[in-house]
Amino acid sequence: MLSEFLQQLLNGLSLGAIYALIAIGYTMVYGILRFINFAHSDVFMAGAFIGLNAAKFVHVGTVFGGLEVLATAMIGCAALGITIERLAYRPLRNAPTLNVLITAIGVSLLLEYSGQKFFGAAPRRFPALFPVREFNFAGVTISSNQLTVIAVTVILMLALQFIVFRTKMGTAMRAVSLNPKAAQLVGINNDIIISFTFGLGSALAAAGGILYALNYPSIDPLMGVMPGLKAFVAAVLGGIGSIPGAALGGLILGIVETFVAGSPWSTGKDAIAFGILIVILIFRPTGLLGKARVEKV
Amino acid sequence: MAFLPKRFALTVSTVALLALSACKKQDAAAQKQDAAMIEVGEYASLTGKEAAFGQSSHQGTVLAIEELNAAGGVLGKKFDLITEDDSSKQGEPATIVKKLISRNNVVAVLGEATSSRSLEAAPICQADKVPMISPAATNPAVTRVGDYIFRVCFIDPFQGAVMAKFAKNTLKLHRVAVLTSVSSAYSVGLAKYFKERFIADGGEIPAEQEYSEGDKDFNAQLTAIKAAGADGLFVPGYYTEAALVCIQARNLGMQIPIFGGDGWEAPELIQIGGAAVNGCYFSTHFSPENDSPAVKDFDAKYGARFNGETPDGMAALGYDSAGVLADAIRRAGSTDGPALRDALAATKDFPGVSGMITIDANRNATKPAVIIAIKDGHFKFVESIAP
Amino acid sequence: MPPKSLCALVAGLLVAAGIGAFSDRIDPYYLDVLTGIGINVILAVSLNLVNGYTGQFSLGHAGFMSVGAYLSAAVTLFLGPRLLGAGGGTALEQGMLFLGALLCGGLCAAFAGLLVGVPSLRLKGDYLAIVTLGFGEIIRVIFQNVNALGGALGLNGIPPYTTIAWVLAFVAITIFTVLCLVHSTYGRGFLATHDDEIAAEAVGLNTTRYKIVAFVVGAFFAGIAGGLYGHFKQSIAPSGFDFTKSIEIVVMVILGGMGNTLGVILAAILLTLLPEVLRPIADYRMIIYSLLLIVLMIARPQGLFNFKRKKA
């Protein structure tokens, strides 16, 4: 019993780590621009596909090869994210949020269906980038892929913390998220900061995509829809706009979802995420770690 | 005035739509008889989640139609195959089949490989009295829809029993867990029949878990199955999820035998599953390794027509569905609905490449099943089990 | 002398009956397309009430449609044989059963609209969008798990009661109802809520009430459209009522210009015809859809068919 519980916990942590990576991207963009980037889940998908194609050029199955593919995907998606922002969102910087939301939906659909057209809708095999091994510990089987997910997530989050709190760019990001007009007044170039934020968030989504594809090696152009929605729920759960909140929300959601999936009600596991969303929005709309925002009239 | 524009719009739209509808409906039955070619409709999942099935069966059907036309067709007319893709999506077969029947005036419909989508189209064919022949839908409910619905393959009560016997007698398993997809009629049905037979033979089902089509993560369900102490796992689903299940099971340290039904048969099973599916088994309708001259001949023809590919169960059944249809038209002497239906129902000992096809009183075919193992990344014939 | 609006409604119903009488002279493929257009018009106009007029961005409309589809199909499939008897009943009896089933579906959908509307009250903009999306998904998962309604496999063999006459009749009724609402005090309330919720509250308007009314009425007609859809396709499954379906309806509302009923009707017609016309290049259809959305939002946010200058 205990070993089953621990195994499920580990499964949940691994899944939750991926949700956390994607959720951080959502929350960063929301913090700065106050809108939900629906296309984020498709950047996640793009990361997996870039990884699939990059893997053809490296030695698959070595740590170094795996890291190369990861880096390529992260850089590629950072570029993609910045391009999307430049072309689709920047012209609407001053438009009502609803319009930008709709544009985001449009970009998301565009990425999904272009992917279906050009990559085919059928699932593709994602190669095992890192060497695969299993470890047994106290009745729990730990796959090296799961360890990779947790390790990479922790490293990326520490790197993110460093960037946000110890660098000038990070300080500028926080300034813009607090008050864009004031930030401009002190000489920050909002455009550059926003591009940087998108780039960073997209890179994290790409990492999430690669890690997801490592654990579930069947990728298809619509693979981002469900994880994206759930990661968004995770971001809201943790408090949208708060990076530690997104990470916490992701972990909680991953663990809850895994336990539901292992129970007799496993087919309800998708609904659980939305149930949590609605409960949180009714009872604590600012999320677990979020701060209440006063709306000025 | 607010309502004036509305009235105006209504009038304008009505006029426009009436103009559009000005095309008179032709007399469908007369059209079918007068046509210079025999129109045959096919709906298949050429793209999407079960693309492998649709593409395979489509290729088999195309090969058969081309052969028939090369030999001069039937009743002096050649066949015109009209194929539509349902993208493996629910809701599409209904639209497509309606279009095939009303717009293309087909005399019969071939399709589909999956039970869920066949169940969707069958009531429409039945209501319009157009015979439908499914190449590979194995859920018994499909032909129960009505007397115009046929299939050229075995049904799941038989397939479930085959796998149950195989698990008990050949693999010597006593506690087999079942992991079912709730998203397909096929999976739910096959799971049920397997369980019935396996328990009747003295086995136990220590764990039953479920998943939905499109799911990627089965760790939770597999962990529960591992904890229940099963010595085997039956996964009566489709190939994409089956491959992922095998990978994740092996990653969790589960070395127990994993097996499934004909939903596993696709090259993607090995592409996605890789080393994890080696040593797994599944039942299906046909093996290209069969020694009979008919099969060897079919293998050669198929390879010549389709870039050296080896045919699988879906291709063989697609080929046979067209063959059975042509044979019935020949015997009926017409393409008229009721006559064709009766001729199909009377099909006896048709020499199909997937086996001898006799349509029984329930409009199903009774045929042997073959067990395939996956060894070194290839499908290998293990044994054939007669009904 | 009955008011102009009622005359228009009666005229609409007569047109519907007229076309219905003609229908066996019309090519069935065109009839099918027309039916599809009609159902989409009902969906788009009902969503327009919520999104366009009241400014509540709802992304879960397909959920209400599915409630209507399932419940009306349940009535005709399960209660129908009992009520109609072995013979299948006369045309009049079938018609009455169908009407009853549709209304049942619509009312259940309206109730679902109430359930969604109440918790969503306090949310605005993006949050509301996500919550309605969440509700839409929850409804879908619920139907996936109700085995009596077919579970993930859905319901097949639904009797084909939908005829062009029924569809056009309900199109007329939907447009009539929505326009009546909009040109009444409710309408002023909707528009006020849309323009500036805080200001509306400040002058004493109960925006809560207006939002709920919009949701419930919108959901009712979505349910009717769902019922018509189920008895048209003869086959429904939870996967057909997902987020993508909701987005398709949203695109019609945006293309038509939020809050512009005539524009939305034209957009619905256009966007139903387009996939049929584009069937040869069906795989590009969604790519075109999405590009359309993006370009529209950047270049012409008021919609393609909106010729009035709407206040920003």
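Biologist: Quick one to start: is B:Ala339 buried, exposed or partly exposed?
Modeller: Keep in mind that this is a predicted model. B:Ala339 comes out partly exposed, because 16 other C-beta atoms lie within 10 Å, and a buried residue would need 20 or more.

Biologist: OK, and which helix is B:Ala339 in?
Modeller: That's helix 14 of chain B, residues 337-345.

Biologist: What does B:Ala339 touch, leaving out residues up to four places away in sequence?
Modeller: B:Ala332 and B:Ser334.

Biologist: I also had B:Ser187 on my list. How far apart in space are B:Ala339 and B:Ser187?
Modeller: They're 34 Å apart, C-alpha to C-alpha, and 152 residues apart in sequence.

Biologist: Let's talk domains. What does the assignment give for chain B?
Modeller: Domain 1 takes in 32-154 plus 291-367, and domain 2 covers 157-284. Their C-alpha centres sit 29 Å apart.

Biologist: How many residues are in contact between the two domains of chain B?
Modeller: 17 residues of domain 1 of chain B contact 17 residues of domain 2 of chain B. On the domain 1 side, helix 3, helix 5 (115-127) and helix 13 (313-332) of chain B each put in at least two residues.

Biologist: Which helix gives the most to that side of domain 1 of chain B?
Modeller: Helix 5 of chain B, with three residues. By class, that side of domain 1 has eight nonpolar, six polar and three charged residues.

Biologist: You mentioned helix 3 of chain B. How many of its residues are buried?
Modeller: 15 of the 20, so the helix counts as mostly covered.

Biologist: Switching to strands. In which sense do strand 13 and strand 14 of chain B pair?
Modeller: Antiparallel, over seven bridges, with strand 13 at residues 369-375 and strand 14 at residues 378-385.

Biologist: Now chain A. How many helices and strands does chain A have?
Modeller: There are 11 helices and four strands in chain A.

Biologist: Why call chain A as compact as a globular protein of its length?
Modeller: Because its radius of gyration is 19 Å, close to the 19 Å that the globule rule gives for 297 residues. Along its principal axes, the C-alpha trace of chain A spans about 60 × 45 × 40 Å.

Biologist: What share of chain A counts as buried?
Modeller: 58% of its 297 residues. As for contacts in chain A between residues at least 6 apart in sequence, 77% join residues at least 24 apart.

Biologist: Last topic: how many residues of chain C are in contact with chain A?
Modeller: 30 residues of chain C, meeting 32 residues of chain A. Helix 5 (125-145), helix 10 (243-256) and helix 12 (282-299) of chain C each supply at least two residues of that chain C side.

Biologist: Which of the helices has the largest share of the chain C side?
Modeller: Helix 5 of chain C, with 12 residues. Sorted by class, the side of chain C that touches chain A has 22 nonpolar, five polar and three charged residues.

How values were computed:
Residues are numbered from 1 along each chain as its sequence is written. Chains are lettered from A and ligands numbered from 1 in the order in which they are written. This is a predicted model: local features need pLDDT of at least 70, side-chain atom pairs count only at pLDDT 80 or more; totals for chains, interfaces and linings use all residues. Two residues are in contact if their C-beta atoms, placed from the backbone, lie within 7 Å. Ala, Val, Leu, Ile, Met, Phe, Trp, Tyr, Cys and Pro count as nonpolar, Asp, Glu, Lys and Arg as charged, and the others, Gly among them, as polar. Two strands pair if DSSP finds at least two bridges between them. A residue is buried if 20 or more other C-beta atoms lie within 10 Å of its own, exposed if 12 or fewer, and partly exposed in between; C-beta atoms are placed from the backbone. The radius of gyration is taken over C-alpha atoms; the globule rule is 2.2 Å times the number of residues to the power 0.38. Domain bounds come from an automatic or database domain assignment.
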